[in-house]
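Keep the sequence panel beside it. We will go stop by stop.

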Amino acid sequence: MLLISLTAYVIIPLYTLLFAWGTDWFTMNFSVLGNISGRKNLFLLWGIIVGTYFYCVLKRIILNLPRNEKEKAFSMAALLFLALGVLTPYLPESQPLQSVLHVVLSFMASFSLLICLYMVIWKLYCMNQEDYRPYLICMIGITMMSAVLLIISGIVSTALEIFFILSCSALLQRLYSKIKSPRIYIRWPEGL
């Protein structure tokens, strides 16, 4: 549990921010940054860290859900699309077809993750509306803010990518902590 929290609140945010350090967050994106000489391996490592975190934590949450085949499929798809997207070069001038493929794979990774998170949170919300309403509201807020960042810059910018990854990893960590926290039941003496 400590490693998962450390990854969500320290490793992913620090690595993500350091990876994008010194760039214009509204005119660049991770695809461009990840294909700059000297940052390719950093981009690959970032993909491994983020992909592993989301997949492992989602897997643990999904195992607690009834009829969870769709959630499993979307979490696996998100991981697969992310891995393929990170490994596919984004060099529009010299490799336009591979660059288009990279964009499609990267979009599908984020979209699959978003759908998976909504499915998981919605199922939990349907089982216990009071406890999981804040998570559903937060997920809607993340989606809306992501749309605002997309509209502001007109592209999938570094700012959008940073916001989406950091907010989703924090939300997922909070959700995991809630699901895994021991329930404390207090039984009152019968005479009271």
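The tour starts with the whole chain and then moves to single residues.

**Stop 1: the whole chain**

Keep in mind that this is a predicted model. How many helices and strands does it have? There are 7 helices and 0 strands. Read along the sequence, the pattern is α-α-α-α-α-α-α.

Now turn the model around. The C-alpha atoms fill a box of roughly 80 × 30 × 30 Å, taken along the principal axes.

Of the 192 residues, 40% count as buried.

Color the charged residues if you like. The chain has 14 positive and 8 negative charges, and their mean positions are 7 Å apart.

One more number before zooming in.

**Stop 2: the nonpolar core**

Hide the surface again. The largest nonpolar core has 44 residues. Which helices supply it? Select them in order: H1 (2-20), H2 (30-33), H3 (40-62), H4 (69-87), H5 (96-127), H6 (129-153) and H7 (158-180). Each gives at least two residues to this core.

Two residues have the most contacts inside the core: Val120 and Leu175. Leu175 is the next selection.

**Stop 3: Leu175**

Select Leu175 and show its side chain. Leu175 sits in helix H7. Is it buried or exposed? Leu175 counts as buried, because its relative accessibility is 1%, and the cut-off for buried is under 20%.

Now show what surrounds it. Leaving aside neighbours within four places in sequence, Leu175 is in contact with Ile61, Val120, Ile121, Leu124, Tyr132 and Tyr135. Pick Ile121 from that group. Leu175 and Ile121 are 54 residues apart along the chain. Their C-alpha atoms are separated by 8.6 Å.

**Stop 4: Ser169**

Stay in helix H7 and select Ser169. Ser169 is buried, with a relative accessible area of 0%. What does Ser169 touch? Not counting residues up to four places away in sequence, the partners are Ala8, Ile12, Tyr53 and Phe54.

**Stop 5: Phe163**

Select Phe163, also found in helix H7. Phe163 counts as partly exposed, because its relative accessibility is 25%, and that class runs between 20% and 50%.

Show the contacts of Phe163. Beyond residues up to four places away in sequence, Phe163 touches Ile142, Met145, Ser146 and Leu149.

Now try the distance tool. Click the C-alpha of Phe163, then the C-alpha of Ser112. These residues are 51 apart in sequence and 17 Å apart in space.

**Stop 6: two cysteines**

Select Cys138 and Cys168 together, with sulfur atoms shown. A disulfide is a covalent bond between the sulfur atoms of two cysteines. How many disulfides are counted in this model? The count is 0.

The cut-off is within 2.5 Å.

Cys138 is partly exposed, at 34% relative accessibility. Cys168 is buried, with a relative accessible area of 0%.

**Stop 7: two loop residues**

Go to the loop between H3 and H4 and select Arg67. Arg67 is exposed, with a relative accessible area of 67%. Check the backbone as well. Phi of Arg67 is near 45°, a positive value in a residue other than glycine.

Finally, move to the loop between H4 and H5 and select Thr88. Is Thr88 buried or exposed? At 12% relative accessibility, Thr88 counts as buried. Show its partners. Not counting residues up to four places away in sequence, Thr88 touches Gln98, Leu101, His102 and Leu105.

Technical notes
Residues numbered from 1 in each chain as written. Predicted model: local features only at pLDDT ≥ 70, side-chain atom pairs only at ≥ 80, totals over all residues. Heavy atoms only, no water. Helix = DSSP H or I, 4+ residues; strand = E, 2+ residues; numbered from the N terminus. Buried < 20%, exposed > 50% of the residue type's maximum accessible area, 1.4 Å probe, protein only. Lys, Arg positive; Asp, Glu negative; His and termini not counted. Charge placed at Lys NZ, Arg CZ, Asp CG, Glu CD. Core = buried A, V, L, I, M, F, W, Y, C linked by side-chain atoms within 4.5 Å. Contact = heavy atoms within 4.5 Å.
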